Structures are given as structure tokens and as C-alpha cells.
Amino acid sequence: MDATTLDTQAVAAWLSDHLEGFEGPLDAEKFAGGQSNPTFLLKTPSREYVLRRKPPGILLKSAHAVDREFRVQRALAGSDVPVAQMHVLCEDDDVIGSAFYVMERVRGENFDDPRLEELDAERRTAIYTEMNRVMAAIHSIDIAAVGLADYGPEGNYFERQLSRWTKQYRASETETVPPMDALISWLEANVPEDDGKRTLVHGDFRIDNMLFAEGGSDCVAVLDWELSTIGHPYADLAGMIMQWQMPPGGAGRGLQGVDRKALGIPSDQEFVAAYCKRMGLSGIEKFGFYLAFSFFRMAAILQGVKKRGLEGNASDPERAGKLGAYVPLFANAGLEAAKHG
């Protein structure tokens, strides 16, 4: 069975034994997009759920950790970080061929393009203000109080992340990309000293990983926690700024060249300043390093997507090939950011 299908009979049988109140019959519909963990809408006569599973096939070590997604969202229940209600985690690969978890379906609006062209300027501004609030809320979680103190190792976050993603990149490398090699060398030589900041980080914080209230600006759920860990908060902030520096539309989904003031969207500097105010910071030094690292990590992720596509294990093989072609673009952008590091 490939990543686009789901054995609904097996899922229904397992849920009947493990999820209180579950009653079939069960229908499943795969959500479009998403390159990592295939996600399905589950429909029963009385309720709707969402299932996320590891993709089938041979996977990179530590990738597609649905158990971690389940754990962190369950820990955040009732906090200032909006998340879906977690129901059950199945770690038995024999049920459908890979681990999966089931959560409540949250209804809300999801935006794929940060330009938010379909909205008016006032609502755009409100949504970006809410994004800033939610990011700060993630980084303000008392990790010990919610049981996540051991959710990531101690030590220099960027040092270990650089090591991890370099290994992931080398494991999925399909050809030599000179800008990527140059970026890795620069990052290794310029890792900042550990400043002691240790918070929950989402790992892929951007507008398309959020659901907003219908017609409003309140975030009702932060989605896709696969890359979350305990680490350095600037990784999330730089990751978002990195996304905005991509070309608008299509696979770039950025804000490059966009008249943000006219649209009611904050500039990079305004968003960072608002974040710093919320977190009680006077500013952020050497932001160029964090930005360069973000470009590197995204390039490594896209390389992994490309390899899964070539091997037939991607959630959307055609899109995987297109995204893989962006690896040199992200690597060159990282080298440009490094000039300001």
C-alpha cells in the first residue's frame, strides 16, 4: 500500500479497540499537499478525526516521528499554544504498515500563500500579529511543567542541528551541489556560542502550518509538529523570515518583492521587533547566521523529499521532484544570508 492510500478496515478495527466512543463505518480522504507524514481526514457517521502516519518504505533515522508529534501536542493541551486534541497513538507497524496517531479534526481556515491576497489589509495585519503571539507563546512554554524537559538534548542547539541535518543531507544526496557544500562549511565555522536559551521550538513555523478561525484572526491550531524539539527559539524566528525571502506564489510561497506595507503585512524588521518586545529582548545579534542555517536546513529537507520521490516513497512524487529542484536556490540564499552573519 502506498502513501496515498489507507487501509480503513484495519484502522477502524484498531480504533474500535483503542478509542473510546469510536463507531464505524469509516471513510478516509487524504489531504492534499504535505511531503512528510501523509495525513487523512477520517469520517464516521457521527464524528470526524484526522490521522497522521509515517510514510511507508525505508526512512531516514529519526525522521517522520509521529510519536513525538503526538507527545508534544498532548503536552500543550490547555496552554496558550492552540493545538488539536490528541486521541490515540498506534506504534504497532503491523496495523497499517507504519505508526500513526489520531486526533480531533479542527475546523478553520488554512492559508498557503503568506500574501493573503483574498483578505483585506486589516485582517492580514491581525493574522500576522497572531502569528507573532503564537510563536512567542511556544517559546514561553514552561517545558518542565508540561513534561517536555527531556524532549530535546542539552547543549548547543545549532551545533547539534547542523550535525543532524548535514548527516540527513549526505544520506539523501543524489548529486553534488557545490553551494550546499560551501554553506555547510561556513556554518560549521561560524556556530555561535551557546547562550543558554532553551525552549520548545516548532521547527517549521509558518502560515500554512496554522489554522485560523473562520473569518477571524485567532489561531485555532498549530499543525505539523514533526520537527519540534527543545532547542533555540531563534530557529523558529529565522525559519519564518527565511520563508518570506522566497519568491511569491508557487513552490516559493514567499514575500520577496511584495509591497508589504500596502498589504498590511509587517516587514522582517517589524516582525522581529514585535517578537523581541514580547520576549523581553533588546534585539538579536548575528541574525545572519540563524537565517543562513534556516536556508541550509530547508535545502536538506527538500533533498530528502527529492530522494523519497525518486524512490517512490513520497506523499506526492511529482511535487517532490519539483521541490527537490529548489535545493541549489536555498543553498545560494543561505550563502547570501551568511554575508550578514
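This is a predicted model: local features need pLDDT of at least 70, side-chain atom pairs count only at pLDDT 80 or more; totals for chains, interfaces and linings use all residues.
Three cavities of 30 Å³ or more are found in the structure. The largest cavity has a volume of about 150 Å³, and 15 residues line it, with G203, D204, A235, G239 and R297 being the closest to its centre. At least two residues of this lining come from each of helix 6 (234-244) and helix 9 (287-311). Sorted by class, the lining of the largest cavity holds seven nonpolar, four polar and four charged residues.

The second largest cavity has a volume of about 70 Å³. Its lining is made up of D112, P114, M131, R206, I207, D208, M240, Q243, W244 and R253. Helix 6 again deserves a look, as the largest contribution to the lining of the second largest cavity, three residues, is from this helix. Five nonpolar residues, one polar residue and four charged residues make up this lining by class.

Attention can now turn to an open space. The second largest pocket contains about 200 Å³ of space. A total of 13 residues line this pocket, and R68, Q161, R164, S228 and T229 are the closest to its centre. Helix 4 (residues 157-172) provides the largest share of the lining, three residues. The lining of the second largest pocket comprises four nonpolar, five polar and four charged residues.

Next come the aromatic side chains, for which the structure holds 16 aromatic pairs. A pair of aromatic rings is described by the distance of the centres and the angle of the planes. In the pair formed by F289 and Y290, the rings are 5.7 Å apart centre to centre with 85° between the planes, an edge-to-face arrangement. F289 and Y290 are both buried. These two residues also belong to a cluster linked by ring pairs, whose members are Y157, F158, W186, Y234, F287, F289, Y290, F293 and F296.

E69 is located in helix 2 (residues 66-75). With a relative accessible area of 0%, E69 falls under the 20% limit and therefore counts as buried. A polar atom of the E69 side chain lies 3.3 Å from the backbone nitrogen of E226.

D113, in turn, is placed in the loop between strand 5 (100-104) and helix 3 (121-139). The side chain of D113 makes a polar contact with the side chain of R115, at 2.6 Å. For a sense of position, D113 and C90 are 23 residues apart along the chain, and their C-alpha atoms are separated by 33 Å.

Conventions: Residues are numbered from 1 along each chain as its sequence is written. Side-chain values use heavy atoms; hydrogens and water are left out. Helices (H or I, at least four residues) and strands (E, at least two) are DSSP runs, numbered from the N terminus. A polar contact is a pair of N or O atoms within 3.5 Å; within protein, one must be able to donate a hydrogen and the other to accept it, and residues adjacent in sequence count only if both atoms are side-chain atoms. On a 1 Å grid over the protein atoms alone, a cavity is a set of points where a 1.4 Å probe fits but cannot get out, and a pocket is an open set with protein on both sides within 12 Å along at least five of seven lines; lining residues have an atom within 4 Å of a point. Grid points are joined across faces, edges and corners, and a volume is the space filled by probe spheres set on the points. Ala, Val, Leu, Ile, Met, Phe, Trp, Tyr, Cys and Pro count as nonpolar, Asp, Glu, Lys and Arg as charged, and the others, Gly among them, as polar. Rings of Phe, Tyr and Trp (its six-membered ring) pair if their centres lie within 6.5 Å; planes under 30 degrees apart count as stacked, over 60 as edge-to-face and the rest as tilted. Buried means under 20% relative accessible area, exposed over 50%, partly exposed in between (1.4 Å probe, protein chains only).
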